[in-house]
Amino acid sequence: MKEIKIKVPDNQAELFAEKLSALVKECGGSTSEAENKVDIFDSSIPIWDRIKTVEDAIAYTGMTLPDNIGELPLDVQAMLKLRIICAAYNELKADQLDQFPKFTTDEYRYYPWCILYTQEEIDAMNEEDRSRVLGRSYSFAYAYAGVAYSLSSFAASYSHSNLGGRLCFKTRDLAIECGKRFLKLWGQFYGFLGEEVKTF
């Protein structure tokens with residue numbers, strides 16, 4: 001949350017506060033953080049509008065992170081967090097993880113692919129191109145089910161479903177929304193974007 005400071009004459013502070021509050025409400029906003037809080041268990045709201053942070057995902061699923069998570073490599077930290085986020089996006093609680101994926105022949109799974117671009121390439125894109133970029137690796141890319149390992153001839157996004165299913169989604173929309181919202185974590189998980197992952 002950003003803080004804005006505005007100097008107002010003492011004799012007009014109360015009037016200014018009233019007008020500012022009315023303007024914020026008129027624009028569909030809120031003057032308090034409590035009013036903006038979404039019930040993470042309200043199933044009438046899309047899950048990506050309810051789960052916006054790792055903390056939301058933990059509260060929703062009942063899963064926990066290890067106490068020593070800060071001592072683990074960044075990609076491992078990201079994977080543990082993403083595992084909880086993916087469970088939340090699939091609307092699974094800690095005791096329901098065996099419900100998805102089941103690895104049956106009729107089950108579809110989706111995964112948010114990512115691609116590396118230079119800042120210059122990103123700056124040159126229009127908004128539509130930016131919103132469509134989900135990823136590609138080497139000369140072909142198959143979205144089997146999650147990053148599990150990488151080969152030197154490919155990239156960190158080559159994977160198979162029998163190895164990385166916990167980071168998959170039930171629908172394409174879930175994969176896209178999670179990929180967008182948690183782009184920094186996905187980048188850290190891949191291991192080659194570090195801390196400076198930019199979203200657009």
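**Figure 1. Overview of the predicted chain.** The chain exposes about 13100 Å², of which carbon and sulfur atoms supply 51%. Accessible areas come from the Shrake-Rupley method with a 1.4 Å probe, and for residues only the protein chains shown count as cover. The model is predicted: local features need pLDDT of at least 70, side-chain atom pairs count only at pLDDT 80 or more, and totals for chains, interfaces and linings use all residues. Residues are numbered from 1 along each chain as its sequence is written, and side-chain values use heavy atoms, with hydrogens and water left out. The chain has 10 helices and zero strands. Its pattern along the sequence reads α-α-α-α-α-α-α-α-α-α. Helices (H or I, at least four residues) and strands (E, at least two) are DSSP runs, numbered from the N terminus. Of the 200 residues in the chain, 31% are buried. Buried means under 20% relative accessible area, exposed over 50%, and partly exposed in between (1.4 Å probe, protein chains only). Among contacts with a separation of 6 or more, 53% join residues 24 or more positions apart. A contact means heavy atoms within 4.5 Å.

**Figure 2. Close-up of Arg50 and its surroundings.** Arg50 sits in helix α3, residues 47-50. Its relative accessible area is 2%, so Arg50 is buried. The Arg50 side chain reaches the backbone oxygen of Ile45 at 2.8 Å. It also makes a polar contact with the side chain of Glu91, at 3.4 Å. A polar contact is a pair of N or O atoms within 3.5 Å; within protein, one must be able to donate a hydrogen and the other to accept it, and residues adjacent in sequence count only if both atoms are side-chain atoms. Neighbours within four places in sequence aside, Arg50 is in contact with Val38, Asp39, Ile40, Phe41, Asp42, Ser43, Ile45, Asp56, Tyr60 and Glu91.

Figure 3. Glu91 has a positive phi of about 55°, although it is not a glycine. Glu91 counts as partly exposed because its relative accessibility is 38%. Pro101 is also placed in the loop between α5 and α6 (119-124). The peptide bond from Phe100 to Pro101 is cis, with omega near -10°. Most residues other than glycine have a negative phi, and most peptide bonds are trans.

Figure 4. Rolling a probe the size of a water molecule over the atoms shows where empty space is left. The count comes to one cavity of 30 Å³ or more. The largest cavity has a volume of about 70 Å³. On a 1 Å grid over the protein atoms alone, a cavity is a set of points where a 1.4 Å probe fits but cannot get out; lining residues have an atom within 4 Å of a point. Grid points are joined across faces, edges and corners, and a volume is the space filled by probe spheres set on the points. The lining consists of Arg83, Cys86, Ala87, Asn90, Leu92, Leu97, Phe100, Pro101, Gly165, Arg166 and Cys168. Phe100 and Pro101, joined by the cis peptide bond, are among these lining residues. The lining residues divide into seven nonpolar, two polar and two charged. Here Ala, Val, Leu, Ile, Met, Phe, Trp, Tyr, Cys and Pro count as nonpolar, Asp, Glu, Lys and Arg as charged, and the others, Gly among them, as polar.

**Figure 5. Helix α10 and its cover.** Helix α10 (residues 183-190) is mostly covered, with seven of its eight residues buried. The buried ones are Leu183, Leu185, Trp186, Gly187, Gln188, Phe189 and Tyr190. Their cover includes α4 (54-61), α5 (74-89) and α9 (172-181). Phe189 belongs to this helix. Its relative accessibility is 12%, so Phe189 counts as buried. Phe189 and Val76 are 113 residues apart in sequence, yet 6.8 Å apart in space, C-alpha to C-alpha.

**Figure 6. Gly191, just after α10.** Gly191 is found in the segment after α10. This glycine takes a positive phi of about 90°. Gly191 counts as exposed because its relative accessibility is 55%.

**Figure 7. Thr64 in the loop between α4 and α5.** Thr64 is placed in this loop. Its relative accessibility is 64%, so Thr64 counts as exposed. Thr64 and Lys81 are 17 residues apart in sequence and 9.0 Å apart in space, C-alpha to C-alpha.

Notes: 1 Å grid on protein atoms, 1.4 Å probe; cavity = no way out; pocket = protein on both sides within 12 Å on 5 of 7 lines; lining within 4 Å.
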